[in-house]
Amino acid sequence: MIGSLEVFVVLIATLLIFGPDKIPEFTHALGKAVGDFKKAQRATELGLNDLDLYHDVGKKDVDRKDVDRKDVDRKILEMAISSGIDVRGKSSDELLDLLADVVKAK
């Protein structure tokens, strides 16, 4: 277990090595890397290669025509049914959350 003294020493060493101007850039890059890792982990756990496109539809660089939402929704629905999840009245996002819970439980 890491104690407060160890954290303090690491923070001081980081400040001395990188300087105060580089720390925000470093933490931003670290946060982005952790976020990308979690996103890839979730996509892998659910077995959906289309998950990245499905969630990036709102961004400028992804054209809505490139993503066939019906196919993605159908795949999510099929996976939920095969996992024994009651799909009545649930959106695709709700089904994704339930599928993630099923995967975590295994």
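Is R88 buried or exposed? R88 counts as exposed, because its relative accessibility is 66%, where exposed means over 50% relative accessible area, buried under 20% and partly exposed in between, computed with a 1.4 Å probe on protein chains only.

Before moving on, note that this is a predicted model, in which local features need pLDDT of at least 70 and side-chain atom pairs count only at pLDDT 80 or more, while totals for chains, interfaces and linings use all residues. Residues are numbered from 1 along each chain as its sequence is written, and side-chain values use heavy atoms, with hydrogens and water left out.

D86 itself is partly exposed, at a relative accessible area of 39%.

Select D36 and K32, whose side chains are joined by a salt bridge at 3.5 Å, N to O. These two residues are 4 apart in helix α2 (residues 23–46), so about one helical turn separates them; helices here are DSSP runs of H or I with at least four residues, strands are runs of E with at least two, and both are numbered from the N terminus. D36 is partly exposed, with 42% relative accessible area.

Then select K22 and E25, which meet through their side chains in a salt bridge of 3.8 Å, N to O. K22 is partly exposed at 44% relative accessibility, and E25 is partly exposed at 48%.

For a buried site, go to T14 in helix α1 (residues 4–18), where the relative accessibility of 18% makes T14 count as buried. With neighbours within four places in sequence set aside, T14 is in contact with G19 and I23, contact meaning heavy atoms within 4.5 Å.

Now display helix α4 (residues 69–82) together with helix α5 (residues 92–105), whose axes come within 10 Å and cross at roughly 40°. That angle makes α4 oblique to α5, because angles under 35 degrees count as roughly parallel, over 145 as roughly antiparallel, 65 to 115 as roughly perpendicular and the rest as oblique. To inspect the contact, select D73, I76, L77, M79 and A80 on α4, and S92, L95, L96 and L99 on α5. Sorted by class, this contact has 7 nonpolar residues, 1 polar and 1 charged.

Finally, zoom out to the protein chain, which has 5 helices and 0 strands, in the order α-α-α-α-α from the N terminus on. Of its 106 residues, 20% are buried. Among contacts in the protein chain with a separation of 6 or more, 36% are between residues 24 or more positions apart.

How values were computed. Axes fitted to C-alpha atoms, helices over the stretch in contact; angles between N-to-C directions. Nonpolar A, V, L, I, M, F, W, Y, C, P; charged D, E, K, R; others polar. Salt bridge = Lys/Arg side-chain N within 4 Å of Asp/Glu carboxyl O.
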